[in-house]
Amino acid sequence: MTTHPITEADLHAYVDAQLPADRHAEVMAYLAAEPAEAERLQAYRAQKEALRQLFDPLLEEELPEKLRSLAEKPIATVNAKKQSFLSRWSLQRIAAGVFIALLGGAAGWLGHGQYQANDRLAQMVPLPRQAAVAHVVYSPDVKRPVEVTADQEDQLIKWLTKRLGTPVSPPKLGALGFELIGGRLLPGNTGPVAQFMYHDSSGQRLTIYVSTENASNRDTAFRFAKEGPVNVFYWVDGKFGYALSAGIDKSELARVATAVYDQLERK
Amino acid sequence: MESSAILTELPRLRRYARALVGNRAAADDLVQDTLERAWSRLAQWRVGSDLRAWLFGIMHNLRVDQLRRPGLNTLPMEDEEFEVPIRATQTDRLELSDLESSLARLPEEQRAVLLLVALEEMSYEDVASTLEIPIGTVMSRLSRGRERLRLILQGRPPAVNLRVVR
């Protein structure tokens, strides 16, 4: 028999049935001579069993529908371009974004709305839905689609920045063929949100909805939603929620969303 | 890759996330983010390799990102937290809830190793590659985690030094 000393790793491997067969007898002999050690390992084995007992019932639980549907392959991931975009998505970079410095303001706003928090939560409308409704209401408006037009862009930026309590400005989408029409202030779930409107040469309108009300403070990757004829790409970055809505197809909208995200990231 | 293959792994991902994060809603959010990232990085998955290890690795990286994020780590409240506690009469119930709160007192890096070994029955090598740490680190975290948990469960303050067996 070899005289390799018994290591702590051997003892754990023994508990976990990962010990090479030829070491088994040595460990058994060691434990026979060291009852305190045998007792310690027994406690580890009991931990293992108790953990299984505690958490195994989750295996039998019915999966939430949200998770079940995410196990399905999303169509958008087939697009190679989107893949490369998403792989660049990192929370670290987002955290480095300039907007992080402004979270204090948003948090102050949330703090002020603490009263009746339960009622408010019950009335929360999800971001893509808010954005889609705002799109449907304002984008068909021929005469007055926006409150402040693009020729007064400086004023628009100043005004919305002041009302939202954080710098907001419309992304430049000229390279993608979308020209700014203007923007407006809207009521969100708990306070003001901004909407920017664009159109392309064919008159197709696209809106960008910027909310600072993301109370859950969780960043998300790109998500896609469809509200009737309107396609919506949205994502959450700290307190900020962004949603792009248009009646254009998903891949085209993804392209614009990528450009918007890149511009926000560069700031 | 088949959706059904991912669906098969879902309950295990959920179980691990729940044990790791300690909160049902936050755990499901983590699983959700894991699925989203998995689909977006499908190109990085090598056909024939271990899907489960790959998914757990993604989840681990997301969790690390979460923990590194500056600011408050807020967790959504769960319905159960508002329920009036009714004392369970069976002692095993009590012991299990003790276990859960004791587990939460472990450093997360130790908890992760402990759970992958205990719940997933992963080999130490697989734990090392999933968490992207050397195997020696796996063993020391496992050892420290188990001992700490044992002492907490016994109501003794965890000792800093560890016995070295020679």
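**Helix packing and aromatic pairs**

In chain B, residues B:Ser3, B:Ile6, B:Leu10, B:Leu13, B:Arg14, B:Ala17, B:Arg18 and B:Val21 of H1(B) meet B:Arg24, B:Ala26, B:Ala27, B:Asp28, B:Leu30, B:Val31, B:Leu35 and B:Trp39 of H2(B). Contact means heavy atoms within 4.5 Å. This is a predicted model: local features need pLDDT of at least 70, and side-chain atom pairs count only at pLDDT 80 or more. Residues are numbered from 1 along each chain as its sequence is written, and chains are lettered from A in the order in which they are written.

- By class, the contact of H1(B) with H2(B) has 11 nonpolar, 1 polar and 4 charged residues.
- The axes of H1(B) and H2(B), residues 24-40, come within 9 Å and cross at roughly 140°. Axes are lines fitted to C-alpha atoms, for helices over the stretch in contact, with angles from 0 to 180 degrees between N-to-C directions.
- Helices are DSSP runs (H or I, at least four residues), numbered from the N terminus.

**Aromatic pairs**
- Over all chains, the structure holds 7 aromatic pairs. Rings of Phe, Tyr and Trp (its six-membered ring) pair if their centres lie within 6.5 Å; planes under 30 degrees apart count as stacked, over 60 as edge-to-face and the rest as tilted.
- A:Phe240 and A:Tyr242 are stacked, because their ring centres are 6.1 Å apart and their planes at 10°.
- B:Tyr16 and B:Phe56 form a tilted pair, 5.2 Å centre to centre with 55° between the planes.
- B:Tyr16 lies in H1 (residues 3-21) and B:Phe56 in H3 (residues 51-68) of chain B, so the pair ties together parts 40 residues apart in sequence.

Terms used. Side-chain values use heavy atoms; hydrogens and water are left out. Helices (H or I, at least four residues) and strands (E, at least two) are DSSP runs, numbered from the N terminus. Ala, Val, Leu, Ile, Met, Phe, Trp, Tyr, Cys and Pro count as nonpolar, Asp, Glu, Lys and Arg as charged, and the others, Gly among them, as polar.
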